[in-house]
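The following exercises are intended for a reader who meets this structure for the first time. Each task is followed by a solution in steps.

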Number of protein chains: 2
Amino acid sequence: MANAEQQSGKTVAFKIGLLGLGTVGTGVVEILNDCQGRQPLLSQVAIHRVGVRSPDKPRAVSLPPELLTTDLEAIVRDPAVAIIVELIGGLEPARSLILTAIANGKHIVTANKAVIARHGDEIYSAANQAGVYVLLEAAVGGGIPIIQPLKQTLSVNRIHRVAGIINGTTNYILTEMSQAGADFDTVLAEAQRLGYAEADPTADVDGFDAADKIAILASLAFGGRIRYEDISCEGIRPVSAADIRYAAGLGFAIKLLAIAQCDEHTQNRLQVRVQPSLVPKAHPLASVNGVYNAILVEGEPLGQVMFYGPGAGKGATASAVVADIANLIGLLAMSHADGLHPLYGCGHQHYCDVAPIAELVTRFYVRFFCGDESGVIGHIGTCFGQNAVSLESIVQTDTQDGIAELVVVTHDVREGNFRAALAEIHQLQALDNITIQSILRVL
Amino acid sequence: MANAEQQSGKTVAFKIGLLGLGTVGTGVVEILNDCQGRQPLLSQVAIHRVGVRSPDKPRAVSLPPELLTTDLEAIVRDPAVAIIVELIGGLEPARSLILTAIANGKHIVTANKAVIARHGDEIYSAANQAGVYVLLEAAVGGGIPIIQPLKQTLSVNRIHRVAGIINGTTNYILTEMSQAGADFDTVLAEAQRLGYAEADPTADVDGFDAADKIAILASLAFGGRIRYEDISCEGIRPVSAADIRYAAGLGFAIKLLAIAQCDEHTQNRLQVRVQPSLVPKAHPLASVNGVYNAILVEGEPLGQVMFYGPGAGKGATASAVVADIANLIGLLAMSHADGLHPLYGCGHQHYCDVAPIAELVTRFYVRFFCGDESGVIGHIGTCFGQNAVSLESIVQTDTQDGIAELVVVTHDVREGNFRAALAEIHQLQALDNITIQSILRVL
């Protein structure tokens, strides 16, 4: 951090200006304030200025007070700042601040899906002209890496379809409606109480947030810009408890899907839409529940891949924002040193210190055959207990021809202790012909 | 392609030498021979030489015969070649060819998990010294983007655990054992007959392939090299049909998990292991079936993300290999033009041609209320039929106070036709008080 620069003696090469210190901004500062054990490039970042509305408000993160300012315009024009991290959201003043920053030669990291979906043309044209990057991993799918994989690894495929559950609020509501059999209004009120839905839920429940996000994904997957008004958008208000019940009877879950797709039906013209949809229960998207997001990408010759994870929240979204900062530093650092991009090369030279297997702590499943004698379970239980192996269950599953079959599931135990208990069980004089049939771990 | 260079007039900037023309090599040539609609950087690639064992063997892809050679050593020394794509697999001669290529200043793309897991130290040390990249997206998870996300987006997190189903053969066998109740030997024989398992299945069923792959993932996630002998490795031979049955009864699926993890039990020393494991049925890894792979990454502050897709196969693996080629070209091209990395910037300027919603083809679910009169189903069916809307089912779910509830599911239909049918149904004189309760799509 800037103020610790002198004490730590670390070289700060890249100064960032942060616009907004709400939930995600706080998460970003927390990561940058605590770099140990993360991507080494982050040690080259300093937070130079932070634009906020109320500089005197108590904050959950420690930042030198002199970094805070209400003058966001000054931050995007500050010659010392290399990267602007825009986390204020909404269309204005975000759009104007981004454009001014670009005009001043700053690279942009943003989590703002709305401003990119609706003003991406203007913003990317300006960025290309100025020779700066606009990165937006956090704008779709929160912490799920989807933007950069679409630009890189997946881009050698001909993409046929991107289909996602990309709004956590509506997925939470549909999951609750499905599991509790409750109706939309009841669940929405509960979601608002828990903070999963906004007081004005329109952007989420009417599909506009998902429409912004699918516009961005479609643009990357199909290599062209998307006019926002070309997107067909329906929300989840029409979905009733009865529909969810009937759909379940027919073998479907109901999900709000955002889909961008090219097929022969529309002569390979793109389709971009957000619609509540019945998803077959065996389909990987059907079991994505609660506030989780998932994005399915289908292409040739790849086939189908799916990305799953937390679509929102402080830590997840901040992770994606800081990843973009690291990506930028990697790109900017290439002109130094050996010229290799640090995120593509191998930066470590040492070997990891790997623990011996006896020290692992895990749950075990073990199946025995043994003589069907009285006290067998007691004897085995005692051997485990003497070695500090705590059991979750011990069940005699079958007896045939005087041979009993026992299945034991342990709690978390040290592997060394578990092995010692097994050795003792083997030597039990009281037990005839005890054999271990299988030992498996439990996740 | 090189031979079409004159005709097409395209600028070929990067010549690649391909070692091996088996299944994956053929897939790579197929993508590079058919670039339209893919990442534009691929137009800068030319296949310069292809090293094979039998140059006269009939091939599934068209390549000018003069590109083929049995002299692999000459390819890795060829001054014209910028990138070596190593697809011969195994330890030798792959290791020696890679090291010679690096010594000659070539960048490396490889799908060879064994050579990287066991000789990564030597290979990466040589690469760092020579200032070249060694990329290996295809080595783990086939077409699933996991290597580059671990290096980039996920690397700002403190990773706690990487847990994956990363061997398709064993997952196929366990899935079949679970679904058919069959034992290991029977299912293995069937898998060998179908080509999902090798004649010598040891590398897969004894966990060695998964061990190579988790060594690579652990190295990236935890930022250090892994000694192969530090990995605890157990295969699936000990798993019996009885275990799968009992595990199911306890609420678990059995999967071969590869896990790299740091926790307080081992004083934050790393654990790296491959073991058959009971996975709770609600866990996202439990429903990964057949030859599919999935990799779960847990970190702070991200939480949990999962990557799912085809872990092997010609198209999927070739997609990852070609993605690495595109990544390399992006890095090498940065010194040209405006200096922006093409895979991070926005390369497109045009708007996509988006089809109007009436042209979409999808399945629909629609729920009606209507008077409980005779012939209702017939009338509605006729309206749909006259508009070329083919029905999968039409069910009267409920009748109360003279009001019938009908649920209709269509086959794939043009949205315009579906809307026209609904308009006609609305105007039916024969039906009293017909109201549409909800219209949903079916994926």
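The C-alpha centres of domain 2 of chain A and domain 3 of chain A are 47 Å apart; domain bounds come from an automatic or database domain assignment. This is a predicted model, in which local features need pLDDT of at least 70, side-chain atom pairs count only at pLDDT 80 or more, and totals for chains, interfaces and linings use all residues. Residues are numbered from 1 along each chain as its sequence is written, and chains are lettered from A and ligands numbered from 1 in the order in which they are written.

**Exercise 1. Determine how chain A is divided into domains.**

Step 1. Domain 1 covers 2-141 + 316-333, domain 2 covers 147-310 and domain 3 covers 357-442.
Step 2. The C-alpha trace of chain A spans about 85 × 60 × 45 Å along its principal axes.
Step 3. Chain A contains 14 helices and 17 strands, where helices (H or I, at least four residues) and strands (E, at least two) are DSSP runs, numbered from the N terminus.

**Exercise 2. State whether Thr175(A) is buried, partly exposed or exposed, and why.**

Step 1. A residue is buried if 20 or more other C-beta atoms lie within 10 Å of its own, exposed if 12 or fewer, and partly exposed in between, with C-beta atoms placed from the backbone.
Step 2. Thr175(A) is partly exposed because 19 other C-beta atoms lie within 10 Å.
Step 3. Thr175(A) belongs to helix α7 (residues 168-180) of chain A. Not counting residues up to four places away in sequence, Thr175(A) touches Asn289(A) and Gly290(A); contact requires C-beta atoms, placed from the backbone, within 7 Å.

**Exercise 3. Give the order of the six strands in the open sheet of chain A and identify the edges.**

Step 1. The order is β3-β2-β1-β4-β5-β6, with parallel pairing; two strands pair if DSSP finds at least two bridges between them.
Step 2. β3 (68-69) and β6 (134-135) of chain A are at the edges with a single partner strand each, so one side of each has no neighbour in the sheet.
Step 3. Strand β2 (residues 45-51) of chain A pairs with β3(A) over two bridges, and Gly51(A) has Thr69(A) as its bridge partner.
Step 4. Helix α12 (residues 314-333) of chain A lies across β1, β2, β4, β5 (107-110) and β6 of chain A, at about 160° to β5(A). Axes are lines fitted to C-alpha atoms, for helices over the stretch in contact, and angles run from 0 to 180 degrees between N-to-C directions.

**Exercise 4. Describe where the residues of strand β4 of chain B point.**

Step 1. In a regular strand the side chains alternate between the two faces of the sheet.
Step 2. In β4 (residues 83-86) of chain B, Ile83(B) and Val85(B) point one way, Ile84(B) and Glu86(B) the other way, and all are buried.
Step 3. Val85(B) stands opposite Leu18(B), and its bridge partner in β5(B) is Val109(B).

**Exercise 5. Find how many residues each chain gives to the contact.**

Step 1. Chain B gives 110 residues and chain A gives 109 residues.
Step 2. On the side of chain B that touches chain A, helix α12 (residues 314-333) of chain B gives the most, with ten residues.
Step 3. That side divides into 60 nonpolar, 36 polar and 14 charged residues. Here Ala, Val, Leu, Ile, Met, Phe, Trp, Tyr, Cys and Pro count as nonpolar, Asp, Glu, Lys and Arg as charged, and the others, Gly among them, as polar.

Technical notes:
Two residues are in contact if their C-beta atoms, placed from the backbone, lie within 7 Å.
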